Amino acid sequence: MVPKVMIILGSGSDIAIAEKCMDIFEKLEIPYSLKIASAHRTPKLVREIVKQATDAGIEVFIGIAGLAAHLPGAIAAYTPRPVIGVPVDVKTGGIDALDSCVQMPYPSPIATVGIDRGDNGAILAAQFMAIHDDEIRQKVIKLRKEYERKVYDSNKIVDELEDKKYLVKDFLSVENMEISDDEFVEIDDRLIKKDADVAIIAGRHSDLITAKKVAATLDRLKISYNMKVVCPIRSNQKFKSYVKSVENSKIFIGISSNSSQVTGALVGLTDRPVIGVPCENELGREHMLTTVNMPPGVPVATVGINNGRNAGVLTGEILSIKDTNIIELLTKLKDKKINL
């Protein structure tokens with residue numbers, strides 16, 4: 001059995017987070033490998049593991065580390081494959097590790113998930129591979145339905161509440177509720193490329209500055225895309241209708257400030273990978289935490305604040321798993337032979 005994913009821990013103390021990854025891969029029946037190597041104490045070991053694993057056909061790497069959390073970045077230095085970072089809470093609530101993973105320089109993105117979210121790291125890896133493997137995709141869809149079912153089942157907690165005098169338990173029973181299909185509005189699809197690989201969605205016109213950085217990078221990598229400004233809060237039906245109109249996209253990129261509502265809405269509407277680019281708003285606030293710290297089952301591959309170029313590079317890395325042409329363009333880009 002040849003592994004598709006390589007999990008690397010910065011320390012043996014991170015094994016509990018790795019267990020979350022492994023449980024998902026076991027459920028999805030995806031072969032994986034697990035190694036322990038420190039970016040600081042054994043840098044040569046990290047290099048050899050990553051280079052040999054890449055040559056052996058590993059499709060996705062997952063780096064799990066706390067504190068300075070330089071391991072995912074060290075992995076990215078030695079492979080053109082996508083690298084997922086799982087920051088670990090050792091001190092400061094894991095914020096130090098999260099910042100280290102997500103705020104990577106161009107052109108070395110880390111697809112960062114929430115603190116201690118090894119499960120989401122594994123699901124994200126499966127979504128990356130599912131672009132080229134329909135069997136994995138069907139397993140991911142089935143797994144997402146299990147997470148959905150857990151939410152419905154959790155309503156049983158309400159029935160167990162005994163001392164709430166004014167709680168009306170039988171009002172709108174979730175178990176018997178009929179869920180209607182989404183209502184859609186007509187979208188002018190004359191400008192939509194039906195065969196585009198990527199859909200870029202910005203929540204506000206002010207986020208277009210970052211969206212254009214994504215587009216410029218995808219142009220250099222010769223990756224086709226659609227781009228739209230639409231807000232899921234102000235224009236909910238229009239947002240859902242647009243996502244449906246580009247449902248054949250292999251990757252969705254959500255760009256937003258103000259609570260990062262675009263990525264949060266996207267993960268509920270597609271089983272495809274969602275890359276999140278948090279932006280600063282006019283008040284100087286950024287919303288990285290509301291992009292990256294997603295609940296189990298619905299990961300967002302988060303890159304650095306305003307770093308649209310890294311979102312484009314990450315897209316290329318994901319699509320290059322089965323596309324040697326993109327690998328060549330990525331190699332030139334990372335060698336700075338393409339001037340962006």
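**View 1. The area buried between domain 1 and domain 2.** About 2,800 Å² is buried between domain 1 and domain 2 in this predicted model (buried area is the accessible area, with a 1.4 Å probe, that two parts lose on being put together, summed over both). Carbon and sulfur atoms give 61% of that area. Tyr106, Pro109 and Ile131 supply 24% of what domain 1 buries against domain 2, more than any other three residues. The size of an interface is often given in this way, as the accessible area lost when the parts come together.

The model is predicted: local features need pLDDT of at least 70, side-chain atom pairs count only at pLDDT 80 or more, and totals for chains, interfaces and linings use all residues. Residues are numbered from 1 along each chain as its sequence is written, and side-chain values use heavy atoms, with hydrogens and water left out.

**View 2. The two domains.** Domain 1 spans 5-131 and domain 2 spans 198-335 (bounds from an automatic or database domain assignment). Their C-alpha centres lie 21 Å apart. In contact are 32 residues of domain 1 and 35 residues of domain 2 (contact means heavy atoms within 4.5 Å).

View 3. Between the domains the count is 1 salt bridge (a side-chain nitrogen of Lys or Arg within 4 Å of a carboxyl oxygen of Asp or Glu). The side chains of Lys322 and Glu59 form a salt bridge, 3.4 Å from N to O.

**View 4. The side of domain 1 that touches domain 2.** α4 (95-102), β5 (111-112) and α5 (118-130) each supply at least two residues of this side (helices, H or I, have at least four residues and strands, E, at least two; both are DSSP runs numbered from the N terminus). The largest share, 7 residues, comes from α5.

**View 5. The loop between α4 and β5.** Pro107 lies in this loop. The peptide bond from Tyr106 to Pro107 is cis, with omega near 0 degrees.

**View 6. The loop between β3 and α3.** Ala69 sits here, between β3 (60-66) and α3 (71-76). Phi of Ala69 is near 50 degrees, a positive value in a residue other than glycine.
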